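Dear colleague,

I am passing on a structure that you have not worked with before. Please look through it first; my notes follow below.

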Amino acid sequence: MAIACPSLSYPIRTKLRHSSKPDSIFILSIRMRHSNITSPTRTPEGTADSAAVYRVPDLDSEEIERISEQTAERCSCQGLQRIGKGTAIVWFRNDLRVLDNEALYQAWTGSESVLPVYCLDPRLFGTTHFFGFQKTGGLRAQFILECLADLKRNLRKRGLDLLVQNGKPEEILPTLAESIEAHTVYAHKETCTEELNVERLVKNGLRRVMLPSSSGQSNPNLQLIWGHTMYHLNDLPFDTGSLPNIYTQFRKSVESNCTVRDCIKIPASLGPAPSSIKEWGFVPSVDQLRLQQQEVSKGMKFLGGESAALSRVYEYFWKKDLLRVYKHTRNGLVGPDYSTKFSPWLASGCLSPRLVYKEVKRYEKQRQANESTYWVLFELIWRDYFRFLSIKCGNSLFQLGGPRKVESQWSQDRNLFESWRDGRTGYPLIDANMKELSTTGFMSNRGRQIACSFLVRDMGIDWRMGAEWFETCLLDYDPCSNYGNWTYGTGVGNDPREDRYFSIPKQAQNYDPEGEYVAYWLPELRALSKDRRNFPGNLYINKIVPLKFGNNTGHGPPFRGRQTKGDRRR
């Protein structure tokens, strides 16, 4: 029986009612899309052209294609054999890649034909639970659509395609399983409430499907596979209930007792797909999702997809040789090359953390091993930690008091919050970071720490408002890292150490001493002398609140109060 993809009717956003936590076409070719963005004007080191758009990766389409193919060759194996029968479904979620994709591999080995499926779940485009912000902003939506288009292309190269369906997975997947008589739906397992709830609904839906079998009738299975971390869940030296409350203890334990597993080798050909699938659907535009299209006018423009992710790894590690200095540049603020910028592709699953690990080790063998090469892995362990922590903490990660159930009085003053959100606080370093976030969907690690500290420590605003706004905007949003970082920075996380305060004057003096970053995002400050750009006094808008510690008038006198270094990476 031929199965056609139903017409896509794109959802109107509605507010979800989860009780436990916040609701968590490629119309142009890559070459055409690249042609709309020019390489940034080359400026003296330490400065930034105020009109520059930085492509990430900054490679043309032919080079991206070449790097993708070369990486795929290294991660493929010709001698693999299938051992299964019948048809399997691969349910793509936040794992939008072909390489090192164990769900895809197991579906291939356990069947004779594979149907890859992605569901455009309307809940992803609804509103956040507590404050009703848009769950997925236009920039992240565009990035995800580019990821899907690239996944479609890469699957086609291996004899498959991606069936794009509009609707809830618990409705789509059981219907498909029944229609093509799929014995198993393979997917990567998630850890947070909304995602777990969808898994439960899909499993219940599959139980209602009866398929013919040699023993009578049977239900399709939902096979969930762990695949989002560098270290595997089953290899930890403790269960998640005993996960250390302090990152350093966790890191030392896994480094001493665990080994990073090898990447999963994928066969050169993954076909065939079920012959009954005649129409594969299409990847819609942002407008068709009823979201507002947003063009990146300055700052970094990330290209979505596995091909772009692999190209960025090549560009950063091998072409520009920046891995060797990562630890010394990672706290930068301007341009694409002060840090790896892998996080948007890691969050969408276009890039496997194990593949990054293997590339670091290859670099160390072929070029050099130093503190910087280790520090990239250090940051990936942080990412693992927040993923495992979400299992231990459950819904408390999203509640006002956090995992430690801290009782504090927080304001939900909308005017104050909107001044922070829109970059109108009167503090150039805060305003510049918030404008970068809304313009590009990215903010540096240093900027995130400073913005969090200012919102909760200086403004006294409910931290969940900040976390939900980041959920809206960030290209690299995932609930584990986002809410893990916010609870940590706010002092309500499982780590008992509290009151991490970031002094705005101190941070400006340390990380933007000549005001290049604030002048880039706030052009009205560029005419000021470099030492005045972060401390413009009456030459800038009025400050919305005084700082909790220190006085930041004039040229930024010494900070008096507790200053934390903070070592949070994204």
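Two strands are taken as paired if DSSP finds at least two bridges between them. The model is a predicted one.

The sheet: β6 (residues 182-188) and β9 pair in the parallel sense over five bridges, and Thr184 stands opposite Asn221 in β9. Both strands belong to an open sheet of five strands, paired in parallel in the order β5-β4-β3-β6-β9. Its edge strands, β5 (163-166) and β9 (221-225), each pair on one side only. On average, neighbouring strands of the sheet are turned by 30° against each other, direction ignored.

The helices: α3 (residues 102-109) lies across β3, β4, β6 and β9 and runs at about 160° to β6. Helix α6 (residues 193-207) also packs on the sheet, where it touches β3, β6 and β9. The direction of α6 makes about 150° with that of β9.

The aromatic rings: the whole structure holds 35 aromatic pairs. The rings of Tyr247 and Trp382 have centres 3.8 Å apart and planes at 10°, so this pair is stacked. It links helix α7 to helix α12, with the two residues 135 apart in the chain. Tyr247 and Trp382 are both buried, and both are part of a cluster linked by ring pairs, whose members include Trp226, Phe238 and Tyr488.

For Phe302 and Phe442, the ring centres are 5.5 Å apart and the planes at 35°, so that pair is tilted. Phe302 and Phe442 are buried as well.

Charges over rings: the charged end of Lys298 sits over the ring of Tyr520, 4.5 Å from its centre. Arg464 lies over the face of Phe130, at 4.3 Å from the ring centre.

Regards

Methods: Residues numbered from 1 in each chain as written. Predicted model: local features only at pLDDT ≥ 70, side-chain atom pairs only at ≥ 80, totals over all residues. Heavy atoms only, no water. Helix = DSSP H or I, 4+ residues; strand = E, 2+ residues; numbered from the N terminus. Axes fitted to C-alpha atoms, helices over the stretch in contact; angles between N-to-C directions. Contact = heavy atoms within 4.5 Å. Phe/Tyr/Trp six-rings, centres within 6.5 Å; stacked < 30°, edge-to-face > 60°. Buried < 20%, exposed > 50% of the residue type's maximum accessible area, 1.4 Å probe, protein only. Lys NZ or Arg CZ within 6 Å of the ring centre and 35° of its normal.
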